[in-house]
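Have a look at the picture first, then read on.

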Amino acid sequence: MKPLVLICSQDAELYLFLSHILGVDGFTSEPADGVKEALALADERELQAVVLDCGPASAIGSTICARFKGAPRTGGLPVIALIAPGAENQHLDLLKAGIDESFVRPFAPAKLLDCLRTKLALPKPGSNGIENGRWLCCGSLEMKLDAHRVRGNGHDIHLGPIEFNLLRHLLENPGKVFSRDELIAAAWPDNIHIGARTVDVHISRIRRALKTASPGSVIRTVRSAGYSLEKPDD
């Protein structure tokens, strides 16, 4: 499944340009031209990242960023701002809103693509690293790192970027108990504040997905300690 990037822009030409370079690099994209449409798409689709077109004629970029960062479901999504000449005064508001990265236009498309891949822990095209090419397995549960793909009993399990990173961390050490702070460090960008309750919400989503596709895979709650992925019985 290709990572889905939401592009918030009222400039049709810019959207076509961004959707093209993202598509060539293995992403897919959806457009949104305002706050309401962006939030509606976030509810309907499993977004992986958000790109904001911040022009001098509109300052809604920081509003969209703040709304995304303030919601448990979307708080962990990487949000990247593309700041047009003449809109440099929006830097401060974007920082206050929790922006993950910003580029002043014109910018090299490769910088945006590299940023997205870094934020989403995706390999670069053509990478032959051992870790990127391997599967993580625990019983019937399998995770292909380079394809950002999870399967249970042969069935695809669709997870958002935060759930994917959380499950990856648990899969790398099945049976080990991780505290909520350890899981936050593993799954969220280090420049935003995440509470324990948000971890619980995302773990609940993973559990629901596993219950449907891989009922033998169980994430155990260890009271006052955290969570662990149970090893299957031999």
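The notes below cover a sheet, the helices lying across it and a helix pair.

This is a predicted model, where local features need pLDDT of at least 70, side-chain atom pairs count only at pLDDT 80 or more, and totals for chains, interfaces and linings use all residues. Residues are numbered from 1 along each chain as its sequence is written, and side-chain values use heavy atoms, leaving out hydrogens and water.

**The sheet**
- Four strands make an open, antiparallel sheet in the order 6-7-8-9 (strands are DSSP E runs of at least two residues, numbered from the N terminus; two strands pair if DSSP finds at least two bridges between them).
- Strand 6 (135–138) and strand 9 (155–157) sit at the edges with a single partner strand each, so one side of each has no neighbour in the sheet.
- From one strand to the next, the twist averages 25 degrees.
- Strand 7 (residues 141–144) and strand 8 (residues 149–152) are joined by four bridges, and E142 has R151 in strand 8 as its bridge partner.

**Helices across the sheet**
- Helix 6 (residues 161–172) lies across strands 6, 7 and 8, at about 115 degrees to strand 7 (helices are DSSP H or I runs of at least four residues; angles run from 0 to 180 degrees between N-to-C directions, with axes fitted to C-alpha atoms, for helices over the stretch in contact).
- Helix 8 lies across strands 7, 8 and 9, at about 175 degrees to strand 9.

**The helix pair**
- The axes of helix 7 (residues 180–187) and helix 8 (residues 196–213) come within 10 Å and cross at roughly 75 degrees.
- That makes helix 7 roughly perpendicular to helix 8 (65 to 115 degrees).
- R180, L183 and I184 in helix 7 meet A196, V199 and D200 in helix 8 (contact means heavy atoms within 4.5 Å).

How values were computed
Parallel < 35°, antiparallel > 145°, perpendicular 65-115°, else oblique.
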